[in-house]
Amino acid sequence: MSDKHQQDHPKMEHEAMDHSKMEHGSMDHGSMDHSMHMGNLKQKFFISLILAIPIILLSPMMGVTLPFQFSFNGSDWVVLILASILFFYGGMPFLQGAKMELQGKNPAMMTLISLGISVSYFYSVYAFIANNLLHTQNHVMDFFWELATLILIMLLGHWIEMNAVSNAGNALQKMAELLPGTANVLDEEGNTTEVALKEVHIGDKIVVKAGGKIPTDGIIINGQTTVNESMVTGEAKDVSKKEQDKVIGGSINGSGTISVDVTGTGESGYLSQVMALVSSAQQEKSKVESLSDKVAKLLFYVALAVGILAFIIWLVVTKDMNIALERMVTVFIIACPHALGLAIPLATARSTSLGAQNGLLVKNRQALEVAKKVDVVMMDKTGTLTEGNFAVSAFKSFSTDYTENDVLEYMGALEKDSSHPLSVGVLKKLEELNLTTPAATDTSTIPGVGIEGTIEHQTVKIVSVAYLTKKGISYDQQLFSELSTKGNSVSFLLVNDKNIGLVAQGDQIKPEAKTMIQALKDQNIKPVMLTGDNQQAAAAVAQQLGIDDVHAELLPEDKEKLVKEYKNNGLVVMMVGDGVNDAPSLVRANVGVAIGAGTDVAVDSADVILVKSDPADILHFLSLAKNTSKKMVQNLWWGAGYNIVAIPLAAGVLAFAGILLSPAVGAIIMSFSTVIVAVNAMLLKID
Ligand SMILES: Nc1ncnc2c1ncn2[C@@H]1O[C@H](COP(=O)(O)OP(=O)(O)OP(=O)(O)O)[C@@H](O)[C@H]1O
Ligand SMILES: [Cu+]
Ligand SMILES: [Mg+2]
């Protein structure tokens, strides 16, 4: 991105450029904010790898002497220097993470890793001094080999995890980098000039050549093409686009040259909105302490206790300080959660990429862990269970001053500025009848109610039946129930708060919705419908789908209140919605799912985005979450299983039987459990 562009969008730029910040929330290890200091883990890993190779070659592996030797006179010094750099450079993210965990009195994974690497480093330095400077009689074994492999594997694990979890976030970040610095702006005469992106404004027309990057959000006004939106929506397939279709800044134009009417740039663009959201989600502390953190915390205390105990007991038994110290150090090192560190990241990595391939974008990793416990799935009607493809089935006037067509025209004037699915039906009808609309000013949406504005100095509103009831405005009840029981959404036109007319619009149920509802019931998950639409229309849809629990005529805050009520009854609630009126309840729910990738607030408020607007994806997501959790738990057992076996052995519980775990044998078991964990994660599937 150009410098100028940076100045123009300080907020967005900040988010995009500050790598460590982007990485942060995506890899949150729990409640700790440590990953702020993670820096660029990929770079850290490769530099650490280069540092580690000579250390590994030059030190006796796990105390085993190889038939060949790389070491030379003074090679111990080389190892010491390289290991020191490696410890402070490669180990820093973990040390800083541990510091934050300890400050928060919440020791977990970072502390456990730091304990392992610190003990192996400082003990090895002590061993070096004893062997090379003090020339003590007994050779003291160092653990530089273990230090190097430990840091490498931990960096690798965190790098994988970071990549995996921030898939969506990272893709958007990359998208920011992908935005071209300039756009080709089209003038009245049809000439194009190349203009810096920050000089492009909403309402400008731009030309995007075939194969070019689309610089802003907009609507195609000329030409057709295919667009690769995988960066934005995760949809792998190219999407074909024609006139009037939306394009999103950051996606890549395919085969055709198109002219685009700019609808969003910079701050107002889809990209920066989502990025602002991602960063705010990152700052919010994770709601649930993650499973691996709980295990790591437990392991930390166990390792600490066993290590100290081993030290005391061996000191008492052998009266030899060196032996006791070596036992304690071995315990701390072997307690290091190599496999545990990979258990969750690998499962998440596999899960997020599998999800993305199938149009399930997981924005919040916790959603995967919570979704398996879902008791209730609350869904809004319009757009989630129905197509939201409205067609006008009737329009009426109640006033002698207005014809039926006048009613439709007045409505159209306001609906032009609405993004509600109901507006499309009205506008389509107007076009069909070749009607024109008067000019409306000051239009604003009333969420859950409708829209208002000014036409010819009169206050004009389009509202729901619930609004009329609330305000005590009378309407033709018989006509209304006749239309609504047929499943119509009915909206009323008010001019200066006088009821002038209505429009009734019908919608179709999505074909996959019914099987989805049945499948939820089969899994003992209760389907609930929440809608802003009228009682009768809601009941008609619910009955066809087999939903017994229906709440209609809800305002956005009513939906949210209902979610809260269900939660207060001890139920785990998943909310699925698509509209502005669903945003508060999406945030409130244990798992918020936005259906359909759009430029909507719903997408911003959700933990998961179902890109394809297919209700069956609700089931796919539940299945993915369930399988992921299963893998995580299995992996935790394989990972922790190693520790459960190795820690007591390292401490020397079986020493009387001649079994004393050396770090060498520990390493073999450790690698074994790591391989199992990795293979197991790769076997993850969506049913
Ligand atoms: N742009 C609009 N044009 C016409 N009527 C509207 C508009 N926006 C809202 N309404 C009226 O307000 C009601 C509630 O709207 P809201 O957006 O909360 O719910 P909905 O989209 O109908 O249903 P759901 O909650 O299932 O998505 C609508 O049923 C309609 O009567
Ligand atoms: Cu380990
Ligand atoms: Mg809706």
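This report describes selected helices, sheets and contacts of a predicted model.

## Basis

In this predicted model, local features need pLDDT of at least 70, side-chain atom pairs count only at pLDDT 80 or more, and totals for chains, interfaces and linings use all residues. Residues are numbered from 1 along each chain as its sequence is written, chains are lettered from A and ligands numbered from 1 in the order in which they are written, and side-chain values use heavy atoms, with hydrogens and water left out.

## Annotated transmembrane regions

An unreviewed UniProt entry places the feature "transmembrane region" at residues 45–65, 77–95, 107–131, 143–160, 298–317, 329–349, 636–659 and 665–684. UniProt positions are in the numbering used here, feature names are shortened, and annotations may be inferred rather than shown by experiment.

In the model, residues 298–317 are 100% helix and 0% strand, with end C-alpha atoms 28 Å apart. Residues 636–659 are 67% helix and 0% strand, and their end C-alpha atoms lie 26 Å apart. Helices (H or I, at least four residues) and strands (E, at least two) are DSSP runs, numbered from the N terminus.

## Helix H5

Helix H5 covers residues 75–90, 16 residues in total. At 1.5 Å a residue it should span 22 Å, and its end C-alpha atoms are 21 Å apart, which agrees. The expected span is 1.5 Å times one less than the number of residues. The buried residues of H5 are Ser-75, Val-79, Leu-80, Leu-82, Ala-83, Ser-84, Leu-86, Phe-87 and Gly-90. Buried means under 20% relative accessible area, exposed over 50%, and partly exposed in between (1.4 Å probe, protein chains only).

## Phe-300 in helix H12

Phe-300 sits in helix H12 (residues 291–318) and is buried, with a relative accessible area of 8%. Leaving aside neighbours within four places in sequence, Phe-300 contacts Pro-107, Thr-111, Leu-112 and Leu-115; contact means heavy atoms within 4.5 Å. The C-alpha atoms of Phe-300 and Thr-111 are separated by 7.4 Å, although the two residues are 189 residues apart along the chain.

## The three-strand sheet

An open sheet of 3 strands runs in the order E6-E5-E8 with antiparallel pairing. Two strands pair if DSSP finds at least two bridges between them. E6 (239–241) and E8 (252–253) are the edge strands, each pairing on one side only.

E5 (residues 225–228) is joined to E6 by 3 bridges and to E8 by 2 bridges. Val-227 stands opposite Val-239 in E6 and opposite Asn-253 in E8, while Thr-225 stands opposite Lys-241 in E6. The covered face of E5 holds Thr-225 and Val-227, and the uncovered face holds Thr-226 and Asn-228.

A second open sheet has 7 strands in the order E10-E22-E21-E20-E11-E18-E19, with mixed pairing. Strands E10 (360–362) and E19 (549–551) stand at the edges with a single partner strand each, so one side of each has no neighbour in the sheet. The twist averages 20° from one strand to the next. E11 (residues 376–380) and E18 (residues 526–530) pair in the parallel sense over 5 bridges, and Met-378 has Val-528 in E18 as its bridge partner. H26 packs on this sheet, touching E10, E11, E20 (573–577), E21 (591–595) and E22 (608–610), and its direction makes about 50° with that of E10.

Helix H21 (residues 513–522) packs with H26 (residues 616–651) at an angle of about 35°, their axes 8 Å apart. Met-516, Ala-519 and Leu-520 of H21 meet Ala-616, Ile-618, Leu-619 and Leu-622 of H26. Axes are lines fitted to C-alpha atoms, for helices over the stretch in contact, and angles run from 0 to 180 degrees between N-to-C directions.
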